[in-house]
Amino acid sequence: MPKHILVTGANGQLGSELQHLTKNNTYETVSFYFTDKEDLDITNVSEVEAFCKEKKIKVIINCAAYTAVDKAEEDKESANLINHLAVKYMSQIAKTQGIQMIHISTDYVFDGSNCRPYIEEDRVNPTSIYGQSKLDGERAMQEICPPNSLIIRTSWVYSAFGNNFVKTMLRLAKQRDELGVIFDQVGTPTYAKNLAQSILDIITKKYNASNVEVYHYSNEGVCSWYDFAKTIFELSQIPCRVNPITTEQYPTPAKRPHYSILNKSKIKREFDLDIPYWKDALKDALGSLEA
Ligand SMILES: NC(=O)c1ccc[n+]([C@@H]2O[C@H](COP(=O)([O-])OP(=O)(O)OC[C@H]3O[C@@H](n4cnc5c(N)ncnc54)[C@H](OP(=O)(O)O)[C@@H]3O)[C@@H](O)[C@H]2O)c1
């Protein structure tokens, strides 16, 4: 009997990478239902409930989210509905129907005041509406506690699918000879394909937990957005000059953490994961983008 897995937000970056990786479904014991807003709106509780029941879903990988960080400052209601309330209702459905939930959260639950990589137990203090809505979703899920479920916080996600920093840099480099990019925000990029593969590794392992555990995941290493942009152009052999600028020189509606490096020891240890270095992952991604 195959294990039925629901992937929500499946047309986003992470969801698309999951679709791509399972295209030839070598996971013989599992079958996937990939849905996005048009097929299954996660804010529609009765639809989600009926879908899970009818398809006998055993695992939900929740990739659906409101990810427009700046827009959220003016659209608190939508961010709260999708990132908090929908996660709360989905957790209740999962709990009632005995479904394992794998939910994705963000480094933006932290304020960036750390000076060593964030561990899962570090104090949270979001500085944006988006970060707060994601934290509220985490807390609701932990309180309801669907069986054997987990939250994976990630950072600076990019992919061959959807819009992201890598694609924006490549596009801008076609229009300009030089760019100013922020150097005083440091973190680690995450190639969504690597995270998607790790999620697939996790769901095929036996996992029993009495609480909803939080895990951190990004690629290995550290960089600023400036370093990230420089490396994108170096690897793509694009002669665009990158100038370091400060956060103050590039004001945005949402305040972002200056430091958001995630410590990944827990997820690597518990699931025996091998995580690629960010530059190697970027090289791999640029290959897919150019193909
Ligand atoms: N992107 C990042 O840099 C980043 C960083 C840290 C954490 N994360 C987290 O990582 C996860 C995956 O991010 P991502 O970059 O793959 O996001 P994404 O590309 O924005 O994908 C999210 C998907 O969810 C869909 N969606 C929105 N509202 C929905 C609803 N009500 N019902 C069903 N689907 C809905 C979106 O559709 P529309 O596009 O049509 O709205 C989109 O296809 C999210 O939980 C995000 O918070 C992302």
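How do the residues of the shell around the ligand divide into nonpolar, polar and charged? They divide into 11 nonpolar, 10 polar and 4 charged, where Ala, Val, Leu, Ile, Met, Phe, Trp, Tyr, Cys and Pro count as nonpolar, Asp, Glu, Lys and Arg as charged, and the others, Gly among them, as polar.

The model is predicted, so local features need pLDDT of at least 70 and side-chain atom pairs count only at pLDDT 80 or more, whereas totals for chains, interfaces and linings use all residues. Residues are numbered from 1 along each chain as its sequence is written, and side-chain values use heavy atoms, with hydrogens and water left out.

**View 1. The shell around the ligand.** Among the 25 residues around the ligand (a heavy atom within 4 Å), those that come nearest are Asp 36, Asp 41, Thr 67, Tyr 130 and Lys 134. A polar side-chain atom of Asp 36 is 2.8 Å from a ligand oxygen, a side-chain N or O atom of Asp 41 is 2.8 Å from a ligand nitrogen, and a side-chain N or O atom of Tyr 130 is 2.7 Å from a ligand oxygen. The ligand taken alone exposes 900 Å², of which the protein buries 82% (Shrake-Rupley method, 1.4 Å probe). Helix 1 (13-21), strand 4 (100-106) and helix 4 (129-144) each give two or more residues to this shell, and strand 4 provides the largest share, 3 residues (helices are DSSP runs of H or I with at least four residues, strands runs of E with at least two).

View 2. Helix 7 (residues 225-236) has 12 residues, which at 1.5 Å a residue should span 16 Å, in agreement with the 16 Å between its end C-alpha atoms (expected span: 1.5 Å times one less than the number of residues). Its buried residues include Trp 225, Phe 228, Ile 232 and Ser 236 (buried is under 20% relative accessible area, exposed over 50%, partly exposed in between; 1.4 Å probe, protein chains only). Gln 237 follows helix 7 with a positive phi, near 55°.

**View 3. The salt bridge between Lys 266 and Glu 213.** The closest N and O atoms of this pair are 2.7 Å apart (a salt bridge is a side-chain nitrogen of Lys or Arg within 4 Å of a carboxyl oxygen of Asp or Glu). Lys 266 lies in helix 8 (residues 265-271) and Glu 213 in strand 10 (residues 213-217), so the pair ties together parts that are 53 residues apart in sequence. Lys 266 counts as buried at 10% relative accessibility, whereas Glu 213, at 28%, counts as partly exposed.

Key:
Polar contact = N/O pair within 3.5 Å; in protein donor to acceptor, adjacent residues only side chain to side chain.
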